[in-house]
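Here is a friendly set of questions and answers to read alongside the model. Have the sequence and the 3D view open as you go.

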Amino acid sequence: MSEKITITRVFDAPREKVWQAWTEPELIKQWWGPEGFSAPSIKIDLKVGGKYVYAMRGPEGSEWDKDMYSAGIFKEIVPMEKIVATDYFSDSEGNKIDPTEVGMAADVPSEMPVMTILFEEIADNQTKLSIVYDKPATEAEFQAMLKSGMKEGWQSSLNKLAEALK
């Protein structure tokens, strides 16, 4: 049976610095997207009801050598502690599109379950970051999310975030 999907990482950085890396466009550009990908455009309106639109581009010459957008709406923001947002594939304006338009499998949901990002100070200069996706609506959606490489993509992005925080 499907369950929540949780990705966790501990960073050797104070919580405030990890928060900034998640909320300031120029900092997000340094780590958004898997290793080998760049983030040519990051737009963020950090308020409840505000929208984010992130672009990532794959390695030159690869099948992912194009701008691919994801977007969402902020549902809850507790500074330095928590961000709750929707998450979906989008066009450059943040309008929802079908994931197949960017080369994803047909069974990948058009909108991911709501995601919660938690920032927890666990020691001096150490922050535990948790990305928690709510339980998908169906087992098929859960399997499609796992199959999409989402967890591996996040781990790769978080490797870049660890570097950016140094």
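Q: Where does Asn125 lie?
A: In this predicted model, β6 covers 111-123 and β7 covers 126-133.

Q: Which residues is Asn125 in contact with, leaving aside its neighbours within four places in sequence?
A: Glu26 is 99 residues from Asn125 along the chain, and their C-alpha atoms are separated by 22 Å. Contact needs heavy atoms within 4.5 Å. With its sequence neighbours left aside, the contacts of Asn125 are Phe11, Asp12, Ala13 and Pro14.

Q: What is the nearest side chain of opposite charge to Asp87, and how many Å away is it?
A: Asp87 is found in strand β5, residues 82-90. It is buried yet has no salt bridge, and a salt bridge would need a nitrogen–oxygen distance within 4 Å. The nearest side chain of opposite charge is Lys96, at 11 Å.

Q: Which side chain is joined to that of Asp87 by a polar contact of 3.1 Å?
A: Leaving aside neighbours within four places in sequence, Asp87 has contacts that include Tyr52, Ser70, Glu111, Met115 and Tyr133. The side chain that makes the 3.1 Å polar contact with Asp87 is Tyr133.

Q: Over which ring does the charged end of Lys96 sit?
A: The charged end of Lys96 is 5.5 Å from the centre of the ring. That ring belongs to Tyr88.

Q: What kind of aromatic pair do Trp32 and Trp154 form?
A: The model has 9 aromatic pairs. For Trp32 and Trp154, the centres are 5.6 Å apart and the planes make an angle of 85°. Planes over 60 degrees apart count as edge-to-face, so the pair of Trp32 and Trp154 is edge-to-face.

Q: How many residues apart in sequence are the parts that Trp32 and Trp154 tie together?
A: Trp32 lies in the loop between α2 (25-28) and β2 (42-44), while Trp154 is in helix α4 (residues 150-164). Trp32 is buried at 12% relative accessibility, and Trp154 is buried at 8%. The pair therefore ties together parts separated in sequence by 122 residues.

Conventions:
Residues numbered from 1 in each chain as written. Predicted model: local features only at pLDDT ≥ 70, side-chain atom pairs only at ≥ 80, totals over all residues. Heavy atoms only, no water. Helix = DSSP H or I, 4+ residues; strand = E, 2+ residues; numbered from the N terminus. Buried < 20%, exposed > 50% of the residue type's maximum accessible area, 1.4 Å probe, protein only. Lys, Arg positive; Asp, Glu negative; His and termini not counted. Polar contact = N/O pair within 3.5 Å; in protein donor to acceptor, adjacent residues only side chain to side chain. Phe/Tyr/Trp six-rings, centres within 6.5 Å; stacked < 30°, edge-to-face > 60°. Lys NZ or Arg CZ within 6 Å of the ring centre and 35° of its normal.
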